[in-house]
Amino acid sequence: MNYGEFRTKLKKGQPSQLYLLAGEEGYYIERAEKAILAAVFPAGVREEDVQLVDGNISINELISLIETVPFFSEKNVIIIRDADFFKAQKKSVDGDEPQPAPQKSSTETRLCSLFANMPEFSIVIFELKSKPDKRKKLFKEFARFGQVMEAEPVKSYNIDDWLHGKLQEIHKNMDNEAHAYFARIVGIMDKIPLGFLDKEMDKLAMFMGPEQKLITREIMAKMFSDIPEIDSFAMNDAIGRHDLKNALYLFKKQQDKGVYIVAILGPLIYYVRQLWQTRTMLQKGLRDKALGQFVGVNNPYILKKITKECQSFSDATLKKAFLQLAEADLGAKTGRLDPAEVEAIIIGLCMGEA
């Protein structure tokens, strides 16, 4: 099950004494651990309530911990970080095939029996920041009696599940423009830092206060304004709104920070090509998912925004800008580009009309 399904089970009062929180998204593993502890200790967790254990603990040692009656707490909660028990088998020396799984030992058999008959005072939380090896007999036996949460990495196309949950948590809504802005920002990130986004949304909620419920594009832009990697996106966004003053400011801001001109041109060339392709396909009657697939946009909010923006430019303006940018890119890579040439292209785009 994923994090959302895990939380639903926990809220419905369907706890377990065995948990495996596994996957590459550490944010969900951390949140799931906190949720379990909050459910077990509603009055708050004390240091003596939890035992943190390294993942290389032996099976015998783990069995001993599980069977030990707690003295200073009602529950014996054991958290095993980086649990070796469920890691994938290492590949053989030649790297072709994984080594064959060893036969289940007598100690593993004892542990599996313990999974089926856990002492009522013990709760074990295994954590693994990678996918578990589901072929292992130990995993199969564990899955019969415990709950397995898979923390899959979040991508731009499926971040809405996280976003909706976060908006409910901070009691805010988001208009379509803000949603599209957020989705496009996330789309340019190689790896989506959920922990960072979570903290930024919390800060945004505090800044807005409890009375203001609606997050607008302007508010969302302020949230991301201090992130250096966002400047190129913000510049393209300003061009799409024909905001010449802001577009030129953001172009200069990137140069002042020492950003290589080729790195500035790359996203701009991609953006103009996307606008041109979208406008052309719209004229040919392409719409909705078919249009999104052609221009490489899966998110409907982003597609709606690009569709709206491309119609504020003429074919001639986009064609001219694209050819000029191609020449500028060549000039930048050969050391013959004057930044004023890029400024002129930005002015031409912002002043051009459909």
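Two residues are in contact here when they have heavy atoms within 4.5 Å of each other. Keep that in mind as you go through these close-ups, which all come from a predicted model.

**View 1. F182 and the residues around it.** Let's start with F182, which sits in helix α7, spanning residues 176-187. Leave aside its neighbours within four places in sequence, and F182 is in contact with I159, W162, L163, M174, L197, M220 and F224. Is F182 buried or exposed? Its relative accessible area is 0%, and buried means under 20%, so F182 counts as buried.

**View 2. F182 and M220, brought together by the fold.** Now pick out one of those contact partners, M220. Along the chain, F182 and M220 are 38 residues apart, yet 7.1 Å is what separates their C-alpha atoms.

**View 3. Helix α2 meets helix α8.** Two packed helices are described by the angle between their axes and the distance between the axes. For α2 (residues 26-40) and α8 (residues 194-208), the axes come within 8 Å and cross at roughly 60°. Which residues do the meeting? From α2 come Y27, Y28 and R31, and from α8 come L194, G195 and D198. Sorted by class, this contact has 3 nonpolar, 1 polar and 2 charged residues.

**View 4. A cluster of rings.** Finally, have a look at F85, F86, F115, F126, F139 and F142, which ring pairs link into a cluster. How many aromatic pairs turn up in a search of the whole structure? The search finds 14.

Notes
Residues numbered from 1 in each chain as written. Predicted model: local features only at pLDDT ≥ 70, side-chain atom pairs only at ≥ 80, totals over all residues. Heavy atoms only, no water. Helix = DSSP H or I, 4+ residues; strand = E, 2+ residues; numbered from the N terminus. Buried < 20%, exposed > 50% of the residue type's maximum accessible area, 1.4 Å probe, protein only. Axes fitted to C-alpha atoms, helices over the stretch in contact; angles between N-to-C directions. Nonpolar A, V, L, I, M, F, W, Y, C, P; charged D, E, K, R; others polar. Phe/Tyr/Trp six-rings, centres within 6.5 Å; stacked < 30°, edge-to-face > 60°.
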